[in-house]
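Let us take a friendly walk through a protein model, one feature at a time. Keep the 3D view open while you read.

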Amino acid sequence: MDKTNTELVLIRISGLDRPGLTASITDILSGYDVDIMDIGQADIHSTLSLGILFKCSEQDSGNIMKNLLFKASELGINIRFYPISCEEYEEWVSMQGKNRYILTLLGRKLTAQQIAGATKILANQGLNIDAIRRLTGRVPLDEQKARVRACIEFSVRGTPRDIDELQGELMRLSSTLEMDFSFQKDTMYRRMRRLICFDMDSTLIETEVIDELAKRAGVGEQVQEITERAMRGEIDFRESFKERVALLKGLDESVMKDIAENLPITEGVERLMYVLKRYGYKIAILSGGFTYFGNYLKERFGIDYVYANNLEIVDGKLTGRYVGDIVDGKRKAELLQLIAQVENVDIAQTIAVGDGANDLPMLSVAGLGIAFHAKPKVKANAKQSINTIGLDGVLYFLGFKDSYLDERGNS
Ligand SMILES: [Mg+2]
């Protein structure tokens, strides 16, 4: 087709969706020498919005539009035509090469206020929204139903003026409007993450095991206070670890088994682990807690790696000492990189999830670092966080849709 006597036409079709609409419309186009330059569709609550940009010869365009009009009226749908100039087309093509990002919003429910707030931040950064899709199942009208959550993913184009400022503003919004978000560069790595490293205490389980051990040893309050300060990042992890372990001296080994068998598993962990295993992720626990309990979770969920600390036991009693090197924040980050190397996974394909100050190094090293129900210092330094729902919220940040997952994964 000679460019001088061709025409570019955008058609926009809207109406009640049903099978066969796209076939009927494109069937008319196929009767002519027509090239499709772009096609896209959105379907919201049974209402279709379909756009087709096509190129045809000048002499055909009149007939094509006339036939499309007849067909639309026969089908009871609306159709509109927009002639596009070559300049407009070239400008649009040049926009396609720009950076792409994915903004995911997550919450117990989504409000207009949350979406208005988030999209305003995008607009202020000069970013354009290309597509919006819902990842969660349909939202029930009865909000009282348990485990309700809503997740929307925005596909965004452009280069943010200041990405740190953007992340910071989203983080502030998430605190005031009870929502979680992630803002990720949309690359193939984002779609092909392979390794996920979890903190254990207060992440996979809803407790700090060391505090439970201390309670049984009669030093509960003392140890709990030190743990809290360490997790908030107020005191050095290693020093506080030695101090707390020393206080456990004399505790009977059988207490460990009892605690391990009754670990309070965090909401969403069953579903998350099931889906991650099923889709071939490598899973690691990198913990400043204890290997004994990590191994318990390893067995239960089929976790691939556990790195944590070992308590010294002599004659069935804790000695108040540990064996080997302490897994602190720096070590967690090193281990994440090491496992990625062993598994032949690019660092961009790794995920880290944790709540404590000792998780910050691994959260910043990973391709995707998620603060989970985190201490304020951790949340303030993380790029994304989950606070409103359980740990399976991670799946939405990975782009999983509820409808992809089978019944068991969906429960
Ligand atoms: Mg923790």
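A salt bridge here is a side-chain nitrogen of Lys or Arg within 4 Å of a carboxyl oxygen of Asp or Glu. Please keep in mind that the model is predicted. By this rule, the count comes to 30 salt bridges. Side chains of opposite charge can pair when their charged atoms come close.

**Salt bridges**

Three of these pairs are set out below.

| Pair | N to O distance |
|---|---|
| Arg 216 and Asp 258 | 2.7 Å |
| Arg 300 and Glu 270 | 2.8 Å |
| Lys 277 and Asp 304 | 3.8 Å |

Arg 216 and Asp 258 form a salt bridge. This pair links distant parts of the chain, with Arg 216 in helix H7 (residues 209-216) and Asp 258 in helix H10 (residues 254-261), 42 residues apart. Are the two partners buried or partly exposed? Arg 216 is partly exposed, with a relative accessible area of 45%, and Asp 258 is partly exposed too, at 32%.

Next, find the salt bridge between Arg 300 and Glu 270. Arg 300 sits in helix H12 (residues 291-301) and Glu 270 in helix H11 (residues 269-278), so the pair ties together parts that are 30 residues apart in sequence. Glu 270 has a relative accessible area of 41%, which makes it partly exposed.

Helix H11 also holds Lys 277, while Asp 304 lies in the loop between H12 and strand E11 (305-314), so this pair ties together parts that are 27 residues apart in sequence. Lys 277 counts as partly exposed at 36% relative accessibility, as does Asp 304 at 25%. Elsewhere, salt bridges that share partners join Arg 108, Arg 149, Glu 267, Arg 271, Asp 392 and Asp 402 into one network.

**Domains and pockets**

The domain assignment of the protein gives domain 1 (6-95), domain 2 (100-186) and domain 3 (195-208 + 266-409). The C-alpha centres of domain 1 and domain 3 lie 49 Å apart.

Where does the largest pocket lie? Domain 1 and domain 2 both give residues to its lining, so the largest pocket lies between them. Its volume is about 1400 Å³. Of the 37 residues that line the largest pocket, Gln 41, Ala 42, Asp 130, Ala 131 and Ile 132 are the closest to its centre.

Domain 2 and domain 3 each contribute at least three residues to the lining of the second largest pocket. Elements that each supply at least two of its lining residues include helix H5 (163-176) and strand E14 (368-372). The classes here are 10 nonpolar, eight polar and five charged residues.

**The magnesium ion**

Which protein donors does the magnesium ion have? They are Asp 199 (OD), Asp 201 (O) and Asp 355 (OD), lying 2.1 Å from the ion. Along the chain, the donors follow the spacing D-x1-D-x153-D. Asp 199 and Asp 201 are both buried.

Key
Residues numbered from 1 in each chain as written. Predicted model: local features only at pLDDT ≥ 70, side-chain atom pairs only at ≥ 80, totals over all residues. Heavy atoms only, no water. Domains from an automatic or database assignment. Helix = DSSP H or I, 4+ residues; strand = E, 2+ residues; numbered from the N terminus. Buried < 20%, exposed > 50% of the residue type's maximum accessible area, 1.4 Å probe, protein only. Donors = N, O, S within 2.8 Å, 3.2 Å for Na, K, Ca; no water. 1 Å grid on protein atoms, 1.4 Å probe; cavity = no way out; pocket = protein on both sides within 12 Å on 5 of 7 lines; lining within 4 Å. Points joined across faces, edges and corners; volume = space filled by probe spheres on them. Nonpolar A, V, L, I, M, F, W, Y, C, P; charged D, E, K, R; others polar.
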